[in-house]
Amino acid sequence: MNLKLFSLQEILEQTLKNFSLELSEISVVQNYPKETIWAMVDPVYMDQAIHNIIKNSLDAMNDISNEQKSLILTLKTNRRYAWIEIKDTGKGISKENLEQIFLPFYSKHWGIGLTLTYKIIHAHEGKIDVVSTLGKGTSTRIFLPLITKEGIIQSKSVAHTRKEN
């Protein structure tokens, strides 16, 4: 990986451009702060990870009308992390399936998208959290170490999945 100080807003914007046709007829909400959120990332790999999540979100919304389709991207920080949340109004993921989503060859495509996404986030010393409710949608959060004046705050990489009540 080739880590660089990079704007997370810029990565999100670039990734969304790759989906301009698919997103043209659905509601896309971008909740970004006014100040730039910086992270040490490999922009190519991080774009791939975000691309995989957005692709899964779009696939999950295939069977609903365009009026019901919504993709919400949120960028926030707390004391330890910068995080990207990608939320869709798709069909959701059952609890049993949610526990398997990061396993290779689990999904209907090549089956490596979320496995690769997990590995990319882990390589960035980050973690990924997925919350899903059947019939309501899925929310995926990518947590990356926050850059402060003192440098990057160290954290352990862990994947979390849970079912929302």
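Trainee: What does Tyr45 count as at 40% relative accessibility?
Mentor: This is a predicted model, where local features need pLDDT of at least 70, side-chain atom pairs count only at pLDDT 80 or more, and totals for chains, interfaces and linings use all residues. Residues are numbered from 1 along each chain as its sequence is written, and side-chain values use heavy atoms, without hydrogens or water. Buried means under 20% relative accessible area and exposed over 50%, with partly exposed in between (1.4 Å probe, protein chains only). Tyr45 has 40%, so Tyr45 counts as partly exposed.

Trainee: Which helix holds Tyr45?
Mentor: Helices are DSSP runs (H or I, at least four residues), and strands are too (E, at least two), numbered from the N terminus. The run with Tyr45 covers residues 43-60 and is helix H3.

Trainee: Is Ser57 buried or exposed?
Mentor: Ser57 also lies in helix H3. Its relative accessible area is 4%, so Ser57 is buried.

Trainee: Which residues does Ser57 touch, not counting those up to four places away in sequence?
Mentor: Contact means heavy atoms within 4.5 Å. By that rule Ser57 touches Leu71, Ile86 and Asp88.

Trainee: How many residues does the largest nonpolar core have?
Mentor: Such a core is a set of buried Ala, Val, Leu, Ile, Met, Phe, Trp, Tyr and Cys residues joined through side-chain atoms within 4.5 Å. Leu8, Ile50, Ile54, Ile84 and Ile86 have the most contacts inside the largest one. Its residue count is 34.

Trainee: Which element gives the most to this core?
Mentor: Elements that give two or more residues include helix H1 (8-17) and strand S5 (81-88). The top contribution is six residues, and it comes from H3.
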